[in-house]
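This report describes helix packing and salt bridges in one protein model. The sequence and structure are shown first.

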Amino acid sequence: LARVCYLGADTALFRPLGSPKVNCVVSVGYLSPRKGFDFVIRGLGLLEPPRRPRLVIISNSGEPAERQFLEELARQQGVDVEFRTLVSDVDLVSAYDQALLTLYAPIMEPFGLVALESMACGTPVVGVREAGLRETVVHGENGLLAERDEAGFAAAVSGLLEDSGRREAYGRQSRADVEANWSWERTVENLEQHLRCAAE
């Protein structure tokens, strides 16, 4: 019988800071086509300009050609985008904390720590209903999931941006879910349990 020992988030590091929210959304990951940043940009481009937040893309590394492509795509779509690379853990937590939402659209990502990091900071995720994201983001409870369709994704983002009460409720539930189910402490407990079962 195969058992999965899931990863977790450092809930002492990734936590709500109580910073004032700013009119931006974040998307995090290696700068490559498989991370779906182009999908996020196209989705935001469908929002009416007065309701369109700034997009902050945070990467530890990436492909220069992909950044050039995304910059041009953002210009065409009228999306204000800022690229940040090699930020510190402190700055990453601050970015999650200040953002209204985290937008996450990697292609068939097996698990995805970005969602857990954002949720641990109390910032809900709007993501694509694929692969591992379906295990951490519970649609309508701690965030929203949409199909890989720009219009549907944009509608989900727009609805949550306009509903601060629901956004804050999802944020609180996100933090609670990570503390209960996705902390590193829970990861270690699960690993120890699996090893005990194997030893027996």
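Predicted model: local features only at pLDDT ≥ 70, side-chain atom pairs only at ≥ 80, totals over all residues.

## Packing of α6 and α7

Two packed helices are described by the angle between their axes and the distance between the axes. For helix α6 (residues 150–161) and helix α7 (residues 164–181), the angle is about 100° and the axes lie 6 Å apart. An angle of 65 to 115 degrees counts as roughly perpendicular, and α6 and α7 are therefore roughly perpendicular to each other.

On the α6 side, the contact is made by Gly159, Leu160 and Leu161; on the α7 side, by Arg166, Arg167 and Tyr170. By residue class, this contact of α6 with α7 comprises three nonpolar residues, one polar residue and two charged residues.

## Salt bridges within helices

The count of salt bridges in the model comes to 13. One of them joins Arg42 to Asp38, with the closest N and O atoms 3.1 Å apart. Both residues belong to helix α1 (residues 37–45), where Arg42 and Asp38 are four residues apart, about one turn of the helix. Arg42 has a relative accessible area of 28% and is partly exposed.

Helix α7, which also packs against α6, holds a salt bridge between Glu179 and Arg175. The closest N and O atoms of this pair are 3.2 Å apart. Glu179 and Arg175 are four residues apart in α7, so about one helical turn separates them. The two partners fall into separate accessibility classes: Glu179 is partly exposed, at a relative accessible area of 45%, whereas Arg175 is buried, at 15%. The cut-off behind this assignment is that buried means under 20% relative accessible area.

## A salt-bridge network

Salt bridges also link Arg54, Asp80, Glu82 and Arg84 in a network. Within this group, Glu82 forms a salt bridge with Arg84, and the closest N and O atoms of the two are 2.9 Å apart.

Methods
Residues numbered from 1 in each chain as written. Heavy atoms only, no water. Axes fitted to C-alpha atoms, helices over the stretch in contact; angles between N-to-C directions. Helix = DSSP H or I, 4+ residues; strand = E, 2+ residues; numbered from the N terminus. Parallel < 35°, antiparallel > 145°, perpendicular 65-115°, else oblique. Contact = heavy atoms within 4.5 Å. Nonpolar A, V, L, I, M, F, W, Y, C, P; charged D, E, K, R; others polar. Salt bridge = Lys/Arg side-chain N within 4 Å of Asp/Glu carboxyl O. Buried < 20%, exposed > 50% of the residue type's maximum accessible area, 1.4 Å probe, protein only.
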